[in-house]
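Q: I'm new to this one. Can you walk me through it?

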Amino acid sequence: MRNPLSDTIVQIEPSGIRKFFDIVSEMKDAISLGVGEPDFDTPWHVREEGIYSLEKGRTFYTSNAGLKNLREEIASYLSRRCNLTYNPDREILVTVGGSEAIDIALRAMLDPGDEVLIPQPCFVSYVPCTILAGGVPVAIELEEKDQFRLTKEKLLEKITDKTKILIMPFPNNPTGAVMRQEDLEPIAQIIEEKDLFVLSDEIYCELTYGQARHVSIASLPGMRDRTVLINGFSKAYAMTGWRLGYAAAPHVILEQMLKIHQFAIMCAPTTSQYAAISAMKNGDGDVEMMRESYDQRRRFVLHAFEEMGLECFEPNGAFYTFPSIKRLNMSSDEFANRLLREEKVAVVPGTAFGACGEGYLRVSYAYSLKNLKEALGRMARFVKKVDEENGNL
């Protein structure tokens, strides 16, 4: 019998995040710090709007691009929060999570052999989505000494005649790194000079800590027409299971993304779209409350790593820390597997986010302080045990 499978898809590795999630789900008394999912319930007014839409029988397809009212609210949000102007009728598309938006943007823009620059460590979907779209992923290895930010020097090293798209994954999953305006400006200059396009994944934009707000690269001079902005409702509004995201982009790109969306998806879930309208209209206070709680947890986790003797870059975005375990003389995978087996705590090896993640772990603080205290207490016990094994105590 002929091989029924695509060689391309067979060669793509499964997600390193889901591997540990699946193990934890079947392990009694295990605590997971591995999945990037808010522990907050979706705000009640958002759930209520979803329930109301069902009670009113609003269970039919929407337009392919999404409810017009929702697209208008997204346009209003991008204007007031990001200083960006998009036409809701032609330049905004509602998708099934931000992940679909990433996928169809790459499929709409890439021809076979086009190169996509991907700063790593990064979200696990960029590389496989690039490959599935016929593109060639090219890693840019970010370093802790640069606070895991993309520098113009590292960008220039990787650009070739085949480079077409730069993915900008900030605030970053898994490091928590952010790019401020002064960091983005030299990157934008290179993008213009080299005639590139940007896929800017800003799903964590509302989870930026400190006084300076998130700045979208699309808001910089000359960048709007070169950028596909990706965002969604999962992280900021605690709506992961509602599966709703969106893309904002110039019409020439968005109309091709919409074409793929039409054939593959039809439209995003109707109930979720009605709920998201309430999130956009009335959710700013909810976002602020959750951000303050994450910031408290962030500081707690960083202090816990300091007490363990683990160096950790201070993240200023998202809800992840990326501690270094290099001094323990073990690989990221070995540490994560032993920690899960011996202390029943799940974290994700840094290598799940690219080869340059070796020697690091992704530890999410999207969990209650109670769970964080218990999990980090177990982790401290494990680190002490490893130190004793290595003769460091």
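Predicted model: local features only at pLDDT ≥ 70, side-chain atom pairs only at ≥ 80, totals over all residues.

Q: OK. How many helices and strands does the protein have?
A: There are 13 helices and 12 strands.

Q: What radius of gyration does the protein have, and what would a compact globule have?
A: The protein has 21 Å. A compact globule with 393 residues would be near 21 Å, so the value agrees.

Q: And what box do the C-alpha atoms fill?
A: Roughly 65 × 60 × 55 Å, along the principal axes.

Q: What share of the residues counts as buried?
A: Of the 393 residues, 55% are buried.

Q: What about contacts? How much comes from residues 24 or more positions apart?
A: Such pairs make up 75% of the contacts with a separation of 6 or more.

Q: Switching to sheets. What is the strand order in the open sheet of 3 strands?
A: The order is β9-β12-β11. The pairing is antiparallel.

Q: Which strands stand at the edges?
A: β9 (320-321) and β11 (348-349) do. Each has a single partner strand, so one side of each is left without a neighbour in the sheet.

Q: What holds strands of a sheet together in general?
A: Strands pair through backbone hydrogen bonds, either parallel or antiparallel.

Q: Back to β11. How many bridges join it to β12?
A: 2 bridges do, and the two strands run antiparallel. β12 covers residues 361-364.

Q: Which residue in β12 is the bridge partner of valine 348?
A: Arginine 362.

Q: New topic: cavities. How many are 30 Å³ or more?
A: The structure holds 4 of them.

Q: How much space lies in the largest cavity?
A: About 70 Å³.

Q: Which residues line the largest cavity?
A: Met168, Phe170, Met179, Leu184, Ser200, Glu202, His214, Val215, Ser216 and Ile217.

Q: How does that lining split by class?
A: The largest cavity's lining has 6 nonpolar, 3 polar and 1 charged residues.

Q: And the second largest cavity, what volume does it have?
A: About 50 Å³.

Q: Which residues line the second largest cavity?
A: Phe170, Pro171, Val178, Met179, Arg180, Thr208, Arg213, His214 and Val215.

Q: Last one. What classes make up the lining of the second largest cavity?
A: That lining divides into 5 nonpolar, 2 polar and 2 charged residues.

Notes:
Residues numbered from 1 in each chain as written. Heavy atoms only, no water. 1 Å grid on protein atoms, 1.4 Å probe; cavity = no way out; pocket = protein on both sides within 12 Å on 5 of 7 lines; lining within 4 Å. Points joined across faces, edges and corners; volume = space filled by probe spheres on them. Nonpolar A, V, L, I, M, F, W, Y, C, P; charged D, E, K, R; others polar. Pairing = 2+ DSSP bridges. Helix = DSSP H or I, 4+ residues; strand = E, 2+ residues; numbered from the N terminus. Rg over C-alpha atoms; globule rule 2.2 N^0.38 Å. Buried < 20%, exposed > 50% of the residue type's maximum accessible area, 1.4 Å probe, protein only. Contact = heavy atoms within 4.5 Å.
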